[in-house]
Amino acid sequence: MKNYTQLTTEEKQQIRTLGELKASGYQSKSIKQELRDNLIEKLKKNENPFPEIWGYEETVIPELERGILSMHNINLLGLRGQAKTRIARLLINLLDDVIPVVKDTELNDDPLAPLSYKAKELIKEYGDDTAIDWWVREDRYTEKLATPDVSVADLIGDIDPIKAAANKLSYSDERVIHYGLIPRSHRGLFVINELPDLQPRIQVSLFNILQEGDIQIRGFKLRLPLDIQFVFTANPEDYTNRGSIVTPLKDRIETQIITHYPKDLQIAKKITEQEAAIKPSQKETITINDITRNLIEQVAFEARSNEFVDEKSGVSARLTISALENLYSAAERRLLINNESSTFMRVADLVGTIPAITGKIELVYEGEQEGAGEVAQSLISKAIRKQFTNYFPSPEQAKKQGDNIYQPVVEWFGEGYKVDLIHAASNEKFRKVLDSVPNLRKIVEKKYPNESPDEIYYRMEFVLHGLAEFSQLSKHNLTSSMSFSDLLTGMMNFSDDEDL
């Protein structure tokens with residue numbers, strides 16, 4: 001006969017009584033020991049216990065693994081949008097596929113170590129014939145968002161007078177207790193998101209659970225040695241005005257791990273592409289190149305160091321996720337308006353990401369004075385300037401050199417010509433406008449002779465934006481179009497507009 005550890009999930013679930021469970025060789029194990037044992041197995045096999053988490057391979061993940069091996073409760077501390085909750089949810093991958101529980105008990109009692117009054121009574125009455133049920137790993141995860149209205153009763157429990165009256169029980173009887181979320185998570189993972197938002201008096205109620213593993217309900221002399229893996233998430237206390245983690249509670253959380261934003265564009269792109277909900281129809285009809293993806297990520301990097309954006313608040317990874325979704329939708333809208341079957345993403349489509357940016361950044365006072373829309377537009381401009389020199393020579397350096405590849409284009413605009421790129425223009429009109437600028441195509445083809453026509457026109461537009469960001473041309477963002485002109489003419493027109 002197979003030992004319990006050799007049984008498949010299906011074979012385990014065929015065990016229906018306590019006697020059969022004992023005969024299989026089952027042994028009780030705490031959830032922290034379970035997590036530790038399963039992590040050890042994955043590390044030995046060189047398996048990644050936290051798939052879909054990028055950029056933490058050398059920082060957060062090793063610290064998390066050390067915390068699990070130490071059998072600690074864990075606090076993930078970091079700014080918003082740093083995958084704290086996702087990491088907590090992925091911990092279920094380190095749980096056993098199923099574990100046995102005494103059937104129909106509130107606290108998911110271990111058949112060999114019953115905790116609740118009901119489980120003890122059932123085993124006392126039925127012995128080895130006590131019914132066994134199986135608890136799957138996905139159901140062993142409980143998550144609670146900390147809000148100011150969370151009560152001790154919600155988390156731990158309270159006396160239920162209706163239960164006492166219906167069963168004619170004294171209030172001193174354990175059976176009148178209605179258990180909260182934490183006791184019901186016995187033998188499972190319990191996650192509290194945004195821990196500082198929990199009122200201090202509620203945080204105090206967690207002391208005993210974390211240190212001694214027991215609970216107290218309205219002075220009840222009740223010892224419940226709960227077996228729970230706690231994971232907390234929190235933003236740094238120095239910026240949140242909603243509350244903080246009380247010091248004794250912080251002291252009881254054995255491992256604190258500081259998360260961070262992606263440190264390079266490649267990791268950031270991988271995260272955005274994984275998380276963005278791009279519709280299949282959009283992927284089929286809209287082509288996006290690597291430059292555009294880099295620009296999206298660069299916006300977030302620029303925002304995190306921008307003087308108008310609150311550094312302590314952080315810039316969530318959700319900014320780039322929402323921005324990429326908006327970018328596809330901007331191109332899709334243009335495609336639908338022109339009744340075209342396909343289109344290529346344009347630099348000007350970045351205007352469509354402004355609503356995603358303004359909703360994801362917290363501005364300092366000076367930023368509020370500037371206006372969220374202006375700050376967002378400035379971030380896009382800075383991103384274009386930063387990325388432009390990765391694909392073309394710097395216009396500032398080219399100007400200092402004898403052979404300035406941009407000179408013919410700048411001179412053409414200097415003769416009074418102007419270019420208007422309408423956001424909703426068809427592919428044909430878009431190309432026609434770009435072709436009207438002499439020597440613009442030559443700049444691109446000299447640098448990239450083997451690109452597709454779509455890519456060439458994209459880079460022609462990119463050159464205009466780059467020249468504008470390096471103050472070689474003037475660029476005005478209008479409601480439905482983008483206008484490029486000579487720098488001096490553009491400044492005069494802008495001044496006239498202000499007079500109006």
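**Figure 1. Cover over the buried face of helix H16.** In this predicted model, the elements that cover the buried residues of H16 include helices H13 (265-275), H14 (280-285), H15 (290-304) and H17 (354-358), together with strands E10 (286-287) and E11 (343-344). The residues of H16 that count as buried are Leu319, Thr320, Ile321, Ser322, Ala323, Leu324, Leu327, Tyr328, Ala331, Arg334 and Leu335.

Figure 2. Helix H16 runs over residues 318-337, 20 residues in total. From its first C-alpha to its last, H16 reaches 28 Å, close to the 28 Å expected at 1.5 Å a residue. Just after H16, Asn339 adopts a positive phi of about 55°.

**Figure 3. The whole protein as context for the close-ups.** The protein contains 25 helices and 14 strands. Its radius of gyration is 31 Å, whereas a compact globule of 500 residues would have one near 23 Å. Along the principal axes, the C-alpha atoms fill a box of roughly 100 × 55 × 40 Å. Among contacts between residues at least 6 apart in sequence, 74% join residues at least 24 apart.

**Figure 4. Burial, surface and charge.** Of the 500 residues, 50% count as buried. The protein exposes about 24400 Å², and carbon and sulfur atoms supply 48% of that area. The protein carries 62 positive and 78 negative charges, whose mean positions lie 3 Å apart.

Notes
Residues numbered from 1 in each chain as written. Predicted model: local features only at pLDDT ≥ 70, side-chain atom pairs only at ≥ 80, totals over all residues. Heavy atoms only, no water. Helix = DSSP H or I, 4+ residues; strand = E, 2+ residues; numbered from the N terminus. Rg over C-alpha atoms; globule rule 2.2 N^0.38 Å. Buried < 20%, exposed > 50% of the residue type's maximum accessible area, 1.4 Å probe, protein only. Contact = heavy atoms within 4.5 Å. Areas by Shrake-Rupley, 256 points an atom, 1.4 Å probe, with all protein chains shown as cover. Lys, Arg positive; Asp, Glu negative; His and termini not counted. Charge placed at Lys NZ, Arg CZ, Asp CG, Glu CD. Expected span 1.5 Å × (residues − 1).
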